[in-house]
Amino acid sequence: MSTRIAFLKGHGTENDFVIVPDPENAIDLPPAAVATLCDRRAGIGGDGLLHVVRSAAHPEAKGMAAEAEWFMDYRNGDGSIAEMCGNGVRVFARYLQRAGHVTEGDLAVATRGGVKTVHIAKDGDVTVGMGRAVLPDGDVTVSVGGRSWPARNVNMGNPHAVAFVDDLAHAGDLRSPPPVSPAAAYPDGVNVEFVVDRAPAHVALRVHERGAGETRSCGTGACAVAVAAARRDGADPTVTGTPTTYTVDLPGGTLVITERPDGEIEMTGPAVIVAEGEIDADWLKAATSA
């Protein structure tokens, strides 16, 4: 390992990430190293880490290399591996554009949740094809303090429990994972969204992301919320043939979510690169071995 590792910092609706370009998958990033880099006091700080690798160079992505040149090896802020991150994909695409690997227009990005289609618009917004939502059967309940709410189980390549509440303050501090039952519904943990209505087809949310705590934004969570809200409102584009679009306000900004008649979900929002620099590899090694 060299003594310096290039990094960038970016965010999508204030869901922020450490970005580590590593086309040939040559940098070892064990969970402790990722957690150290994402630490907001002892490291760079971020809700997660975007490890930028060519698909052909990563064992988990080789099978997608023919469809997508680049693999988003996404890690949660605690170092754990995640299937997908909607805001992360937008920031990942913005990095590829900044680095000159892609230009405005369409591209494909490989993720553990499959290959995602991305469109970089001239106005700066990035649209991500998030795939189809899966709505597993079975009742789910979310609890905070003495309150409990029925929740919708939605899978967007990663698991979500969506609860509609009267006041976002009812979600509590969201530093710890809100209890969700039955636990068997989410054997690998779950992202929990608390949602209020703002206007027709317009909602707001707070979210606890597994492995990160409360974050300023969650792209897959916004998609899960839009699908749950549409079903609650009696709308299913795959049945009616009419797309539904929801505006979703998050603490860090606003995303627009459209579910098409073919079931595909598109998420549109901003993506920003704010800084770049170098990580001292000796510091990182010492910090993760302490």
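Is C85 buried or exposed, and at what relative accessibility? At 4% relative accessibility, C85 counts as buried, since the label buried means under 20% relative accessible area, with exposed set at over 50% and partly exposed in between (1.4 Å probe, protein chains only). Before going further, keep in mind that this is a predicted model, where local features need pLDDT of at least 70, side-chain atom pairs count only at pLDDT 80 or more, and totals for chains, interfaces and linings use all residues. Residues are numbered from 1 along each chain as its sequence is written, and side-chain values use heavy atoms, with hydrogens and water left out.

Let's stay with the cysteines for a moment. A disulfide is a covalent bond between the sulfur atoms of two cysteines. Here the test is a pair of cysteine sulfur atoms within 2.5 Å, and the structure holds zero disulfides. For C85, the nearest cysteine sulfur is that of C218, 6.6 Å away. Like C85, C218 is in no disulfide; with 2% relative accessibility, C218 counts as buried.

On a 1 Å grid over the protein atoms alone, a cavity is a set of points where a 1.4 Å probe fits but cannot get out, and lining residues have an atom within 4 Å of a point. Grid points are joined across faces, edges and corners, and the volume is the space filled by probe spheres set on the points. The structure has two cavities of 30 Å³ or more. The largest one has a volume of about 60 Å³, and its lining includes C85, Y74, M84, E209 and R210. By class, that lining has four nonpolar, four polar and two charged residues. For the classes, Ala, Val, Leu, Ile, Met, Phe, Trp, Tyr, Cys and Pro count as nonpolar, Asp, Glu, Lys and Arg as charged, and the others, Gly among them, as polar.

The second largest cavity comes in at about 30 Å³. C223, A226, V227, T244, Y246, I257, E259 and I265 line it. Elements that give two or more residues to this lining are α3 (219-232), β15 (244-250) and β16 (253-259); helices (H or I, at least four residues) and strands (E, at least two) are DSSP runs, numbered from the N terminus. The largest share, three residues, comes from α3.

Now for the rings. Which aromatic pairs are there, and how many? There are two, where rings of Phe, Tyr and Trp (its six-membered ring) pair if their centres lie within 6.5 Å, and planes under 30 degrees apart count as stacked, over 60 as edge-to-face and the rest as tilted. F17 and Y74 have ring centres 6.0 Å apart and planes at 75°, so this pair is edge-to-face. Because F17 lies in strand β2 (residues 15-21) and Y74 in strand β4 (residues 70-76), the pair ties together parts that are 57 residues apart in sequence. F17 counts as buried at 0% relative accessibility, and Y74 counts as buried at 2%.

W149 and F194 make an edge-to-face pair too, 5.8 Å centre to centre with 80° between the planes. This pair links distant parts of the chain, with W149 in strand β9 (residues 147-155) and F194 in strand β12 (residues 191-199), 45 residues apart. Both W149 and F194 are buried.

Note on methods:
On a 1 Å grid over the protein atoms alone, a cavity is a set of points where a 1.4 Å probe fits but cannot get out, and a pocket is an open set with protein on both sides within 12 Å along at least five of seven lines; lining residues have an atom within 4 Å of a point.
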